[in-house]
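Visitor: I'd like to learn how to read a model like this one. Could you walk me through it, feature by feature?

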Amino acid sequence: MPKMKTNSGAKKRFALTGTGKIKRKHAFKRHNLTKKTKKQKDRLTQFSILDKSNAKSVEKMLGLK
């Protein structure tokens, strides 16, 4: 049986932490930044942990499970 292929879009968008959680970037940081406050833009810069409800499907796309 052939190996599973990793989803190319998923491997560019998600990364694993040391504990095995999946981290992601925030949306809404591409354009129209003059309307957004500095506080809002700073928060959008940081990575966040992917929610458990989405983790299973992303793990499958990354070929982890």
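Guide: Let's begin with burial: a residue is buried under 20% relative accessible area, exposed over 50%, and partly exposed in between (1.4 Å probe, protein chains only). Glu 59 is buried, as its relative accessible area is 16%. This is a predicted model, where local features need pLDDT of at least 70, side-chain atom pairs count only at pLDDT 80 or more, and totals for chains, interfaces and linings use all residues. Residues are numbered from 1 along each chain as its sequence is written, and side-chain values use heavy atoms, with hydrogens and water left out.

Visitor: Where is Glu 59 found, and which residues does Glu 59 touch?

Guide: Helices (H or I, at least four residues) and strands (E, at least two) are DSSP runs, numbered from the N terminus. Glu 59 sits in helix α3, residues 52-62. A contact means heavy atoms within 4.5 Å. Leaving out residues up to four places away in sequence, Glu 59 touches Ile 22, Leu 64 and Lys 65.

Visitor: In what order do the elements of the protein chain run?

Guide: There are three helices and three strands, and from the N terminus on they go α-β-β-α-β-α. Buried residues make up 15% of the 65 residues in the chain.

Visitor: How many salt bridges does the structure hold?

Guide: Side chains of opposite charge can pair when their charged atoms come close. The cut-off for a salt bridge is a side-chain nitrogen of Lys or Arg within 4 Å of a carboxyl oxygen of Asp or Glu. This structure holds one: Asp 42 pairs with Lys 38, with the closest N and O atoms 3.4 Å apart. Lys 38 is exposed at 59% relative accessible area, while Asp 42 is partly exposed at 38%.

Visitor: And pockets: which residues line the largest pocket?

Guide: Rolling a probe the size of a water molecule over the atoms shows where empty space is left. On a 1 Å grid over the protein atoms alone, a pocket is an open set of points where a 1.4 Å probe fits, with protein on both sides within 12 Å along at least five of seven lines; lining residues have an atom within 4 Å of a point. Here the lining of the largest pocket includes Arg 13, Phe 14, His 26, Leu 44 and Thr 45.
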